[in-house]
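Hello,

Here is the structure you asked to look through. Please open it next to this email, and read on once you have it in view.

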Amino acid sequence: MKLPLSESERSYLRKKRVRISQILTKSTEELKIILNCTTERANELKGLLDFQQIPSIGLGASKMMVQVLGFYSVNDVRHENPAELFDRYEELVGCRVDPCVEDQLRCIVFHANELNSVLVWSDFTDERKAYRNTQGY
């Protein structure tokens with residue numbers, strides 16, 4: 001798991017002997033104190049880690065979910081439509097995006113509903129292609 005931490009944030013974690021993998025076990029208030037940061041920043045970091053708990057979802061897709069689409073938890077996307085999320089993402093970034101990003105979104109929404117799944121984003125390519133063949137982009 002990766003996080004875009006500043007040097008001071010890394011230093012605070014070291015001083016408090018907190019590993020990145022332990023951040024999800026901390027409350028937002030605890031994390032604010034540990035990192036000497038805002039509530040927004042603590043929620044952002046927790047969200048980035050939460051999405052990375054999903055197999056095959058890395059920092060890039062986590063940033064898309066948190067920093068662009070505004071979700072801070074996998075639970076937050078449980079009832080979302082992956083195709084609509086993809087369309088919204090393209091609109092927000094202002095350009096066409098590689099279709100495999102929609103596969104990642106499908107994977108994220110699936111995992112929000114099937115917590116113990118081991119499927120990875122590439123397992124959703126055929127589903128996306130079938131959907132887009134009938135619904136278009």
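First, one definition: buried means under 20% relative accessible area, exposed means over 50%, and partly exposed is in between. By that rule, Glu127 is partly exposed, because its relative accessible area is 41%. Keep those cut-offs at hand for what follows.

The model is predicted. Its mean pLDDT is 96. Of the chain's residues, 100% reach 70 or more. Among the elements, helix α4 (residues 59-68) has the highest mean pLDDT, 98. Helix α7 (residues 125-135) has the lowest, 93.

**The core**

Which residues touch the most other members of the largest nonpolar core? They are Phe51, Met64, Met65 and Leu105, out of 35 residues in that core. Helices α2 (28-35), α3 (39-52), α4, α5 and α6 (100-113) each supply at least two residues. The largest share, six residues, comes from α6. In general, nonpolar side chains tend to be buried together in soluble globular proteins.

Take a look at Phe51. Setting aside neighbours within four places in sequence, Phe51 is in contact with Ile57, Ser62, Met65, Val66, Phe71, Tyr72, Ser73, Val74 and Ile108.

**A patch on the surface**

Now turn to the outside. Val68, Leu92 and Val93 form a nonpolar patch on the surface. Together they have about 220 Å² of accessible area. Leu92 is found in helix α5 (residues 82-93).

**Salt bridges**

How many salt bridges does the structure hold? It holds ten.

Start with Arg128 and Asp103. Their closest N and O atoms are 2.6 Å apart. Arg128 lies in helix α7 and Asp103 in helix α6, so the pair ties together parts that are 25 residues apart in sequence. Are these two residues buried or exposed? Arg128 counts as buried because its relative accessible area is 8%. Asp103 is buried too, at 0%.

Next, Arg106 and Glu127. Their side chains meet in a salt bridge of 2.9 Å, N to O. Arg106 is in helix α6 and Glu127 is in helix α7, so this pair ties together parts that are 21 residues apart in sequence. Arg106 is buried, at 7% relative accessibility.

Arg96 is exposed, with a relative accessible area of 57%. Glu90 is buried, with 11%.

**Loops and helix α1**

Two residues have a positive phi without being glycine. Arg17 has a phi of about 55°. Arg17 is found in the loop between α1 and α2. Its relative accessible area is 76%, so Arg17 is exposed. Ser56 has a phi near 75°. Ser56 lies in the loop between α3 and α4. At 36%, Ser56 counts as partly exposed.

Last, Arg10 in helix α1 (residues 7-15). Arg10 is partly exposed, at 30%. Leaving aside neighbours within four places in sequence, Arg10 is in contact with Leu3, Leu5 and Ile20. Arg10 and Ile20 are ten residues apart along the chain, and their C-alpha atoms are separated by 9.2 Å.

Best wishes

Terms used
Residues numbered from 1 in each chain as written. Predicted model: local features only at pLDDT ≥ 70, side-chain atom pairs only at ≥ 80, totals over all residues. Heavy atoms only, no water. pLDDT = per-residue confidence, 0-100. Helix = DSSP H or I, 4+ residues; strand = E, 2+ residues; numbered from the N terminus. Patch = residues over 30% accessible without salt bridge, like charges linked within 9 Å, V, L, I, M, F, W, Y side chains within 5 Å. Areas by Shrake-Rupley, 256 points an atom, 1.4 Å probe, with all protein chains shown as cover. Salt bridge = Lys/Arg side-chain N within 4 Å of Asp/Glu carboxyl O. Core = buried A, V, L, I, M, F, W, Y, C linked by side-chain atoms within 4.5 Å. Buried < 20%, exposed > 50% of the residue type's maximum accessible area, 1.4 Å probe, protein only. Contact = heavy atoms within 4.5 Å.
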